[in-house]
Amino acid sequence: MARFKIDTEFLLDDQPFKILSGAIHYFRMPKEDWYHSLYNLKALGFNTVETYVPWNFHETIEGQFDFEGHKDVGAFLKTAQALGLYAIVRPSPYICAEWEFGGLPAWLLNDRNMRIRSRDPKYLEKVQVYYHELFKILTPLQIDNGGPIIMMQIENEYGSFGEDHDYLKSIQQMMIDEGVTVPFVTSDGAWAQCLRAGSMIEHNVLPTGNFGSRTKTHFSNLKDFHVEHGKTWPLMSMEFWDGWFNRWGEDIIKRDSSDLASEVQDAIKLGSVNLYMFHGGTNFGFWNGCSARGTKDLPQITSYDYHAPLDEAGNPNDKYEALRAMLKETLPEVEQHDPLVKTFTEKKAVPLSGKVSLFSILEDISHKTTSFYPQTMEEAGTGYGYMLYRTSIKKETEAEHFRIVDARDRVHFFVDQVLKYQAYQEEIGERFEVTLAHDATVDILVENMGRVNYGYKLLAPTQRKGLGQGLMQDLHFVQNWEQFDIDFDLLEAAHFEKSWAEEQPAFYKYIVNFETPDNTHIDMSGFGKGVVLVNGFNIGRYWNVGPTQSIYISKALLNEGDNEIIIFDTEGQYQETIDFVKTPQFS
């Protein structure tokens with residue numbers, strides 16, 4: 001049985017081993033596509049795959065664990081091993097990764113006295129319950145047990161958040177108690193302040209660095225930190241950033257291929273490297289994360305292309321070829337193969353086959369709760385997607401003044417199902433005026449656009465989503481609420497027999513026939529804002545502010561013959577026909 005250890009260099013069966021790794025997130029692609037991406041990593045000449053494990057993806061509802069299908073991390077690691085790849089696993093409670101709440105479950109927010117990412121016993125207890133289930137899968141897949149896992153990470157970039165080494169030790173001890181025997185690592189920004197705060201070098205845990213440029217400088221900093229603590233350990237970049245993520249309303253960020261190849265060459269001459277990302281994939285459903293910039297939160301887009309060496313679909317691009325050439329020059333003994341390349345199909349002018357307003361089917365597709373004060377999305381539901389809040393108001397004057405207080409992230413305000421006001425982030429809280437003819441029903445549709453995944457705002461009250469403090473009419477808060485947690489899984493064909501009205505949130509159904517399914521993109525440029533369901537699977541959000549105007553659809557999500565496409569648009573915009581195109585569309 002193979003053995004892996006850390007000495008003055010990485011050793012595999014006592015022989016020097018340079019880790020050439022690439023990050024591939026099993027949770028950002030269908031299970032059927034894992035082989036394609038892993039094969040292309042191996043074909044490049046790399047020997048290891050790295051992945052996070054997002055807690056909220058596997059325990060979305062507290063106490064309910066799901067490691068099946070697209071969530072089968074064990075199957076992903078076994079696929080890697082079958083291709084001859086080793087694995088680095090980062091099973092941190094917190095992962096960042098531009099992922100919703102950095103991988104932390106939304107239900108943690110219901111305990112307002114719990115401090116996440118800390119020694120708080122209440123938090124550690126929740127982690128321990130999750131770890132007990134997760135490591136039933138990971139422990140048998142360590143190299144010591146004949147599996148592919150050679151290293152595991154403790155927490156993630158903790159030096160950019162805290163300096164509680166007792167907390168880090170608690171996480172490590174949990175992993176040891178669950179049977180982890182492979183070497184531990186931490187990863188942080190490669191400068192002294194971050195490394196001191198986030199590393200566990202005093203417990204003989206290897207510190208690694210995260211960066212994407214100035215490679216020689218960062219490795220020098222890392223080496224100095226090792227020497228300061230009397231270590232002669234190997235150097236590694238756990239996240240070598242080869243691209244970057246993108247946010248709604250901003251331009252796509254790209255990186256020059258030759259610059260990347262040159263910097264990676266420096267890295268592999270000096271140590272080991274994990275490219276972040278090798279294949280980014282897609283933020284399906286409501287799993288996109290959110291950046292924090294001052295008072296603003298900036299949610300990330302559905303595509304997690306990252307301008308990585310494999311594009312969103314998993315195909316090699318110019319970065320892949322530049323790295324391939326550089327690697328062959330630098331390490332000529334590396335074995336390389338031709339990569340796999342996916343094909344694409346198109347289908348134009350697919351007609352609308354049904355439409356129905358949200359209000360017509362709200363009771364049928366929601367989980368309803370009632371409360372005197374409005375509850376958060378986490379308290380009244382899963383904490384993701386959309387929640388509609390309903391109450392009754394009395395006409396007091398000809399022109400009523402309202403204020404929505406502390407709601408997140410985007411709101412639509414309806415009086416008797418007629419849109420009167422909408423707002424996003426910093427606009428929410430401003431006073432607005434509505435003319436009432438009589439007593440009325442008020443509906444407030446609130447969208448959670450993604451929780452912050454990095455930085456101090458992880459602890460901020462703004463990560464609790466929903467109506468917040470509530471609705472003010474004149475100078476008082478309105479009470480007695482119904483909350484409708486919208487569940488797209490409850491949609492049925494019969495719902496499209498009900499009524500539709502203009503300028504309301506609504507569902508639009510299209511049936512597209514693919515005799516031979518293939519990869520494609522759905523063009524969303526004629527719609528406003530919402531999500532797309534492909535045969536019931538939520539492929540993610542769209543928004544006409546750009547920069548993307550399409551969503552990638554893997555052929556793994558399509559059937560031979562008819563396929564049901566349902567679009568939920570909150571803006572009242574739709575098209576009588578939709579197009580499926582071969583290339584992604586941008587604004």
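Reader: Which residue in strand 22 stands opposite Arg 403?
Author: Met 472 in strand 22 does. This is a predicted model, where local features need pLDDT of at least 70 and side-chain atom pairs count only at pLDDT 80 or more, while totals for chains, interfaces and linings use all residues. Residues are numbered from 1 along each chain as its sequence is written, and side-chain values use heavy atoms, with hydrogens and water left out.

Reader: How do you know that strand 17 and strand 22 pair?
Author: Two strands pair if DSSP finds at least two bridges between them. Strand 17 (residues 399-405) and strand 22 (residues 470-473) have four bridges, in the antiparallel sense, so they meet that definition. Strands here are DSSP runs of E with at least two residues, helices are runs of H or I with at least four, and numbering starts from the N terminus.

Reader: What makes strand 20 and strand 23 edges of the sheet?
Author: The open sheet has four strands in the order 20-17-22-23, with antiparallel pairing. Strand 20 (431-435) and strand 23 (476-477) each have a single partner strand, so one side of each lacks a neighbour in the sheet.

Reader: Why is helix 1 called oblique to helix 3?
Author: Helix 1 (residues 34-44) and helix 3 (residues 73-82) pack at about 40 degrees, with axes 10 Å apart. That angle makes helix 1 oblique to helix 3, because under 35 degrees counts as roughly parallel, over 145 as roughly antiparallel, 65 to 115 as roughly perpendicular and the rest as oblique. Axes are lines fitted to C-alpha atoms, for helices over the stretch in contact, and angles run from 0 to 180 degrees between N-to-C directions.

Reader: Which residues make that contact?
Author: Trp 34, Tyr 35 and Leu 38 of helix 1 meet Ala 75, Phe 76, Thr 79 and Ala 80 of helix 3, where contact means heavy atoms within 4.5 Å. By class, the residues of this contact are six nonpolar, one polar and no charged. Ala, Val, Leu, Ile, Met, Phe, Trp, Tyr, Cys and Pro count as nonpolar, Asp, Glu, Lys and Arg as charged, and the others, Gly among them, as polar.

Reader: How is the packing of helix 1 with helix 9 described, by what angle and axis distance?
Author: Helix 1 and helix 9 (residues 318-330) pack at about 35 degrees, with axes 10 Å apart. Asn 40, Ala 43 and Leu 44 of helix 1 touch Tyr 320, Leu 323, Arg 324 and Leu 327 of helix 9. This contact has five nonpolar, one polar and one charged residues.
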